[in-house]
Amino acid sequence: MEILTMQLSNVIPAWLLQKIYLILIIFLSGISMHSLIDTKSSVPKYFGGILYAVNPFVYVRFLAGHWLILLAYSIMPFAVKSFLDFLDNQNKNNLIRALLLTALTGALNSHILTLLILVYLIFLIFKLYQVKNQAGAVKNLLKSLALLAALYLSLSLYWLLPLFTANATVINQISQADIYAFATGISAFNAVFTIASMYGFWREGYIYTKDFIPHWYLLFFFILFLAIHGFISNNRSKVPGLPVKALGVTAVVAVILGSGIHGPFSSLFEFLFNNIFFFRGLRDSHKFAALIALSYSYLGALGVAEFEKIARSPVLSTGAYKKTAAWLVIVIALVIPFIYSFTMFNGFWGQLEPTDYPGDWYDVNKLLNGDSQDFNVLFLPWHQYMNFKWIPNAQKRIANPASSFFDKPIIQGENAEIDLIYSQSTNPAQRYVESLLGNKDKIKNFGELIIPLNVKYVLLTKEVDYKEYFFLFNQTDLELIKETGNFYIFKNAHPVSRFYISSLPPPSEPQKQSEFIPSLKPSDYTQVSPVKFSVNADAGYVVFVPPNLDSEWWELDGRTSTIKGFYAVYPAGSGMVYYRRFDTYLVGYLVSIVTLIGLIIWHYRKDSLDKTMNA
């Protein structure tokens with residue numbers, strides 16, 4: 001989202017783009033839920049759409065900056081409806097629609113995709129039970145479902161193949177400490193009640209509606225009442241019966257799993273966390289509130305529809321008091337979501353304001369772009385998340401945006417520093433920088449020590465603990481070339497390059513660099529593409545600083561690096577340094593593109609393929 005914003009901000013002001021994103025997410029959430037609810041009247045649909053767009057889950061995720069999660073959340077009802085249509089009729093159009101919406105959800109956010117697949121599974125179980133005595137229907141459904149799954153894998157191979165063939169991912173680094181650090185926060189009574197009321201985000205410091213209304217849970221009880229009423233009134237119906245049962249179960253499952261490690265079902269949550277690979281990605285158990293919002297919105301709308309039947313029935317058969325009471329319930333239902341999350345208004349109660357980067361960020365970017373050399377920039381302080389004083393929100397802590405803002409490659413901290421979790425980065429350059437910073441008081445040649453990282457400039461922004469990095473002023477090989485309101489800009493006095501020639505073999509341990517680093521002499525090279533470089537070296541060793549700062553998969557004419565680390569080393573020679581893993585990415589992209597083209601052709605072909613599917 002930040003990268004897209006930076007690209008578009010050349011045409012549209014960043015603050016306006018942020019407002020567009022906000023409005024788009026809320027609008028899509030309301031429209032998608034409105035389309036999922038199948039009632040004759042629009043009144044229940046409006047209730048469902050409003051509740052799905054305006055609730056504590058959406059509210060806090062906006063404040064946390066999880067806009068891609070919310071964008072995937074906003075189209076989830078579209079995907080659920082498409083899958084429901086597919087279960088009812090496995091024709092070509094329904095299959096393609098379900099496939100594309102599921103793929104789009106996954107492209108936006110894998111966490112919401114996992115939750116969506118859980119919903120699909122629950123829907124499928126109820127559908128199979130519904131048609132269990134119809135062998136032909138079961139066979140056709142399973143065959144079509146297998147085709148849908150195969151097409152989805154092919155269409156999403158561009159990100160699934162690199163994920164499942166990687167030697168190390170962030171998910172591999174997630175440990176037992178994560179389920180406590182990101183556990184559902186108990187804000188009322190217990191974890192079950194908290195998550196059921198759609199609260200429980202793990203990060204503290206936000207202002208909620210519940211902070212203003214003493215008995216806020218009464219509002220929740222009314223929403224819950226509508227959902228339960230909608231479920232009881234419709235679960236035996238032949239028309240909406242299946243989604244009603246499925247979403248009822250979805251709500252229960254979401255509450256059980258969403259209560260996380262602090263709930264009564266902690267042993268189940270821990271078992272799933274330890275034994276199911278992808279479940280580790282749901283360490284933030286509050287994300288299950290997305291499914292609770294989905295269920296409440298749909299079932300609650302059916303509850304409103306039941307009251308609307310009473311309100312619109314003839315007076316003689318119902319009675320004036322019942323009709324008046326029914327209309328009152330409907331009016332309250334339409335207003336309740338706004339009251340339950342009224343802090344979403346007035347700029348999220350002053351906690352969320354669109355803003356742009358300070359002017360000197362653009363000035364520094366222009367300065368760096370004025371240097372045409374291929375180099376990296378080290379950004380300090382070394383934190384993945386930190387407060388930036390120029391952010392107008394009450395909560396100023398965000399993910400460091402430097403790498404998405406600056407055009408030059410940025411090396412920045414990937415250390416989360418949440419509770420007992422310091423870092424889960426798999427990049428070897430992170431460990432090297434941290435080892436340097438850990439010994440900063442003993443270092444006088446920091447510029448020389450960052451040569452292997454191809455760092456030509458060091459940016460120290462005047463935020464949080466920036467004074468802890470004033471050791472940079474004491475270095476003999478760093479020059480302060482500019483100071484702005486937000487930055488100190490240092491330049492490395494040593495020549496740097498993406499390729500070096502060394503007469504010495506690399507050290508056995510990356511930390512033992514004292515003799516090896518001074519032997520590095522910049523070497524000429526040609527960049528053929530982002531994943532291919534041409535080099536010519538007659539003697540010694542070729543030292544290559546990969547763009548991703550990880551020597552794995554980088555080969556010089558088929559030869560792998562003699563060491564594993566943030567730089568690669570090869571015996572001297574001429575040839576091409578190539579990122580062999582790009583072949584994996586290429587296969588994934590080619591398969592996905594071919595699948596997409598095939599789907600387009602299939603969609604527009606007027607033949608009997610539907611008959612083939614149903615054979």
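1. Helix α3 spans residues 43-53, and nine of its eleven residues are buried, so the helix is largely enclosed by the rest of the structure. Buried here means under 20% relative accessible area, with exposed meaning over 50% and partly exposed in between (1.4 Å probe, protein chains only). The buried residues of α3 are V43, P44, K45, F47, G48, G49, L51, Y52 and A53. Helices (H or I, at least four residues) and strands (E, at least two) are DSSP runs, numbered from the N terminus.

2. The model is predicted: local features need pLDDT of at least 70 and side-chain atom pairs count only at pLDDT 80 or more, while totals for chains, interfaces and linings use all residues. Residues are numbered from 1 along each chain as its sequence is written, and side-chain values use heavy atoms, with hydrogens and water left out.

3. Helices α6 (residues 92-108) and α7 (residues 110-130) have axes that come within 7 Å and cross at roughly 140°. These axes are lines fitted to C-alpha atoms over the stretch in contact, and angles run from 0 to 180 degrees between N-to-C directions. From α6, the contact (heavy atoms within 4.5 Å) involves A98, T102, T105 and G106; from α7 it involves S110, I112, L113, L116 and Y120.

4. The largest nonpolar core contains 122 residues, and those with the most contacts inside it are F62, Y73, M76, F123, L294, Y296 and Y298. Such a core is a set of buried Ala, Val, Leu, Ile, Met, Phe, Trp, Tyr and Cys residues joined through side-chain atoms within 4.5 Å. Beyond its neighbours within four places in sequence, F62 touches L22, I25, I26, W67, L70, F348 and L352. Another core, of 37 residues, lies apart from the largest one and includes L378, L449, V496 and F516.

5. An open sheet is formed by four strands in the order β9-β8-β12-β15, with antiparallel pairing. Two strands pair if DSSP finds at least two bridges between them. The edges are β9 (521-522) and β15 (568-571), each with a single partner strand, so one side of each has no neighbour in the sheet. Strand β8 (residues 499-502) is joined to β9 by two bridges, and I501 has K521 of β9 as its bridge partner.

6. T209 sits in the loop between α12 (191-196) and α13 (217-234). T209 has 2% relative accessibility and therefore counts as buried. Leaving aside neighbours within four places in sequence, T209 is in contact with Y199, I339, Y340, S341, F342 and T343. From T209 to V535 the separation is 326 residues in sequence and 61 Å in space, C-alpha to C-alpha.
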